[in-house]
Amino acid sequence: MPMHGPSAIAILTLSAGIALAQDSVDPAMMEQGAALYAQHCQICHKPEGQGTASVFPPLAGSENLADADYVVTNIHNGVVTMPPFPWLSDVEVAALANYVRNSFGNTYGGVTEAGVAATRADLEPVGQVRSIWDGVYTQEQADRGRAVFNSPCGLCHGSRLNGAPDDQDMRPAPPLARANFLRVWNGRSLGALLSYSRMTMPQSNPGFLPEEDYLAIIAHMLATTGVPPGTTPLSLDIQELGRIRIGPKP
Ligand code: HEC
Ligand code: HEC
C-alpha cells in the first residue's frame, strides 16, 4: 500500500499496535464506505457522525473506534439496541470500518478486508438471511398493528401511512408504506426499522408503546405495502430481525 504524504505517516504512528490496522487508508474503500454509511448508518449516527444526544452515540471523536476489532464486531453483531449487519461482506465491513475510523475528524487508520475476515472468523456466522417477501409476519400481527397505529403514529404519518398527517396542524412526515417507503428503506433490515422506530417515535414520546406494538406496527406497514403474511409472527429477537431485509417485490 503506497503512502500518501504526512497524514498517512501520522495515521501509521497512531495505529501502531492495533491488530487490524494497516498503514494507510485506501481512498476507494473510503468512497465505498461513505455510500454504505449513508444507506445503513446515517439514519441513527447522522451525516457528520454526531449522533443524537442520549439516543444514538456520536462516532465523531469516539476513542472506542481506535480498536478496529471493536468496530468490526459492533457492525457484525450489533450492540444492545444497535441492529446487527451480519450479511455485509468482509469488504463492505472493511469499507465501513475505514470510513467511520477516518471521517468526522477521526484518524485511526485503515482496516483491510483480510483483517475483517480474521475478526469475523471468531464471530457467530451470518445465519439464514430472508427478505420481507418470504412470509415473515402474521395477519393477526398486522391487524393488531392497524388497531394501535392511528393515534400514536397516524397523527403525523397518516392513517393511510402515506405521510399526509391525520392532524392538519402537523407537518407532513415520511410515508411508512408502499413504493416510496421501499425505495428509502431498500437494503436495510427490519432490525434497523424496529430500533429506529422504538428509539425515536413517536417524536413527542419515543418508546412509550409496548415492544410488541412496535413490532405489530411494522407488520401493519408491510401489509399496507402489499407484502404477504406468513404463518410465523415477527419476533422481537434483534438478531433475527437484523437478518430480514427490506427490498422491492422480487
Ligand atoms: C437503528 C439505529 C442504528 C443504526 C442503523 C446503526 N447504529 Fe451504530 N449504534 C446505535 C446505538 C443505539 C449504539 C449504542 C449501543 C449501546 O452501546 O447501547 C450504537 C453504537 C455504535 C458503535 C459504538 C460507538 C462507541 O463509541 O462505542 C459503532 C462503532 C457503531 N454504532 C457503528 C455503526 C455503523 C458502522 C452502522 C452502519 C453499518 C451503524 N452503527 C448503524 C444505533 C445504530
Ligand atoms: C409528531 C409527529 C410524528 C409522530 C407522532 C410519529 N412520527 Fe415517525 N416521523 C416523523 C418525522 C417528522 C419523521 C422524519 C424524521 C426526520 O427526518 O428526522 C419521521 C420518521 C419516521 C420513520 C423513518 C421514515 C423514513 O423513511 O426515514 C419511521 C419508520 C417512523 N417515523 C415511524 C413512526 C412510528 C412507528 C410512529 C408511531 C409509533 C411514528 N413514527 C410517530 C414524525 C412523527
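A residue belongs to the shell around a ligand here if its C-beta atom, placed from the backbone, lies within 6 Å of that ligand. I wanted that settled before opening the notebook on this predicted model.

**Entry: ligand 2**

With that cut-off in hand, I looked up which helices line ligand 2. Helix 7 (139–157) and helix 9 each supply at least two residues of the shell. Helix 7 gives the largest share, five residues. I counted 19 residues around ligand 2, and Cys153, Cys156, Ala173, Met201 and Pro202 come nearest. By type, the shell splits into 15 nonpolar, four polar and no charged residues.

**Entry: ligand 1**

Next I turned to ligand 1, which has 25 residues around it. Cys41, Cys44, Ser62, Val80 and Met82 are the closest. Helix 3, helix 4 (68–77), helix 5 (90–101) and helix 9 (190–200) are the elements giving two or more residues to this shell. I sorted the shell residues into 18 nonpolar, seven polar and no charged.

The contact involves 13 residues from domain 1 and 13 residues from domain 2. On the domain 1 side, helix 2 (27–40) and helix 3 (42–45) each supply at least two of the touching residues. I found nine nonpolar, four polar and no charged residues on that side.

**Entry: helix 5**

Helix 5 gives residues to the shell of ligand 1, and I gave it a page of its own. It has 12 residues and reaches 16 Å from first C-alpha to last, close to the 16 Å expected at 1.5 Å a residue. Is helix 5 largely enclosed or open? I found 10 of its 12 residues buried, so helix 5 is largely enclosed by the rest of the structure. The buried ones are Glu92, Val93, Ala94, Ala95, Leu96, Ala97, Asn98, Tyr99, Val100 and Arg101. They pack against helix 2, helix 4, strand 2 (110–111) and helix 6 (113–120).

**Entry: two single residues**

I looked up Glu63 in the loop between helix 3 and helix 4. Glu63 is exposed, because 8 other C-beta atoms lie within 10 Å and the cut-off for exposed is 12 or fewer. Its C-alpha atom is 9.6 Å from that of Arg101, 38 residues away along the chain.

Arg243 sits in the loop between helix 11 (238–241) and strand 4 (244–245). Arg243 counts as buried because it has 21 C-beta neighbours inside 10 Å, and 20 or more is the cut-off. Leaving out residues up to four places away in sequence, I listed its contacts as Pro86, Trp87, Gly127, Gln128, Val129, Arg130 and Ser189.

**Entry: confidence**

The protein averages a pLDDT of 92, and 91% of the residues score at least 70. Residues 1–6 stay under 50, with eight contacts beyond four places in sequence. Residues 12–21 also stay under 50, with 22 such contacts. Where pLDDT is low, the predicted coordinates should not be read in detail.

Notes. Residues numbered from 1 in each chain as written. Chains lettered and ligands numbered in written order. Predicted model: local features only at pLDDT ≥ 70, side-chain atom pairs only at ≥ 80, totals over all residues. Helix = DSSP H or I, 4+ residues; strand = E, 2+ residues; numbered from the N terminus. Contact = placed C-beta atoms within 7 Å. pLDDT = per-residue confidence, 0-100. Nonpolar A, V, L, I, M, F, W, Y, C, P; charged D, E, K, R; others polar. Expected span 1.5 Å × (residues − 1).
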